[in-house]
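Visitor: Could you walk me through this protein while I have it open? I would like to start with the overall layout and then move to single residues.

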Amino acid sequence: MLHAADKLRLKKFPSWSGASAAVCLFFCTAAGCDRMITPRTAQMVKDADAKSTQGEYLEAIGLYESALDGSPQSADIHFKLALLYDDKMNDAVNALHHFKRYLVLNPSGGHATEVKEFIKRDETAFLISLSGDSLVTRGEAARLRNENLNLRKQIEERVLKNRLTDEKPTARKAAPEKAAGKAGGRSYVVESGDTLFSISRKFYKSPSHWKEIRDANKNRVESPSKLKPGTTLTIP
């Protein structure tokens with residue numbers, strides 16, 4: 001049964017079919033929004049997700065950007081764009097833009113905490129990459145590098161703490177594996193859509209370690225953004 005506000009929306013859009021109106025009214029009522037999420041926007045996001053999965057990143061970006069409307073509900077689209085630029089396109093500038101737009105539109109959203117960490121790490125990595133130019137002094141580059149190392153240490157300690165908590169019952173069995181990791185490094189089998197940037201984020205929580213992975217696999221990697229599925233990489 002439609003509320004008075006919903007009936008008013010239907011009067012404003014008399015050309016909608018009953019099914020389309022019902023879908024839009026459902027999303028709008030559930031989210032408490034002022035701007036409706038149309039079936040067309042939902043379909044564009046769905047198509048963009050499919051393109052991204054297929055490795056057609058430029059097409060996915062175009063669809064995501066077409067679905068943006070400046071409403072709080074589009075914050076998640078900005079988040080998807082940021083990860084796409086960061087992991088797949090190696091474009092820190094656009095990634096930072098969309099991470100920041102997410103926080104502007106939804107400052108207390110479900111991804112807010114990790115977005116703030118992504119912004120800080122990516123800004124640091126980006127500035128360090130410019131340290132060879134006159135834009136950043138040697139002293140500033142050293143400070144940023146130390147800050148980045150401290151952040152990485154904090155993240156690794158947090159990951160290790162969580163891992164130890166999860167693996168307490170099998171701590172004795174995990175010891176030989178840990179020793180093996182020190183001797184020969186970890187292994188990872190490349191999946192469809194992987195890049196060195198996304199693999200770096202998966203293991204180090206930051207895309208900035210892609211060069212280390214590339215250098216450890218010189219005979220297996222031709223391009224950071226084009227990896228052959230099924231290839232086994234050594235993760236230093």
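Visitor: Before that, what kind of model is it, and what are the ground rules?

Guide: This is a predicted model, in which local features need pLDDT of at least 70 and side-chain atom pairs count only at pLDDT 80 or more, while totals for chains, interfaces and linings use all residues. Residues are numbered from 1 along each chain as its sequence is written, and side-chain values use heavy atoms, with hydrogens and water left out.

Visitor: Fine. How many helices and strands does the protein have?

Guide: The secondary structure comes to eleven helices and two strands, where helices (H or I, at least four residues) and strands (E, at least two) are DSSP runs numbered from the N terminus. Along the sequence the pattern reads α-α-α-α-α-α-α-α-α-β-α-α-β.

Visitor: And what share of the residues is buried?

Guide: Buried residues make up 31% of the 236 residues, with buried meaning under 20% relative accessible area, exposed over 50%, and partly exposed in between (1.4 Å probe, protein chains only). As for contacts (heavy atoms within 4.5 Å), residues 24 or more positions apart account for 48% of those with a separation of 6 or more.

Visitor: Let's take helix 4. Which of its residues are buried?

Guide: In helix 4, which spans residues 57–67, the buried residues are Tyr57, Ala60, Ile61, Tyr64 and Ala67. Seen down the axis of helix 4, they fall within an arc of 130°, so they line one face of the helix; the arc is that of the directions from the helix axis to the C-beta atoms. As background, an α-helix has 3.6 residues a turn, so residues three or four places apart point the same way.

Visitor: What covers them?

Guide: The cover over the buried residues of helix 4 includes helix 3 (39–53) and helix 5 (75–88).

Visitor: What does Tyr102 touch?

Guide: Leaving out residues up to four places away in sequence, Tyr102 touches Ala75, Asp76, His78, Phe79, Pro107, Gly109, Gly110, His111, Ala112 and Val115.

Visitor: Back to helix 5. How does it sit against helix 10?

Guide: The axes of helix 5 and helix 10 (residues 196–204) come within 6 Å and cross at roughly 105°, the axes being lines fitted to C-alpha atoms, for helices over the stretch in contact, and the angles running from 0 to 180 degrees between N-to-C directions. Helix 5 and helix 10 are therefore roughly perpendicular to each other, given that 65 to 115 degrees counts as roughly perpendicular, under 35 as roughly parallel, over 145 as roughly antiparallel and the rest as oblique.

Visitor: Which residues meet there?

Guide: Asp86, Asp87 and Lys88 in helix 5 meet Phe197, Ser198 and Arg201 in helix 10. By class, that contact has one nonpolar, one polar and four charged residues, with Ala, Val, Leu, Ile, Met, Phe, Trp, Tyr, Cys and Pro counted as nonpolar, Asp, Glu, Lys and Arg as charged, and the others, Gly among them, as polar.

Visitor: Asp87, then: buried or exposed?

Guide: Asp87 is buried, with a relative accessible area of 12%. Its C-alpha atom is separated by 8.2 Å from that of Leu196, 109 residues apart along the chain, and beyond four places in sequence Asp87 touches Thr195, Phe197, Ser198 and Arg201.

Visitor: One more topic: what about the phi of Asn90?

Guide: Asn90 has a positive phi of about 55° although it is not a glycine. Most residues other than glycine have a negative phi. Asn90 lies in the loop between helix 5 and helix 6 and is partly exposed, with a relative accessible area of 42%.
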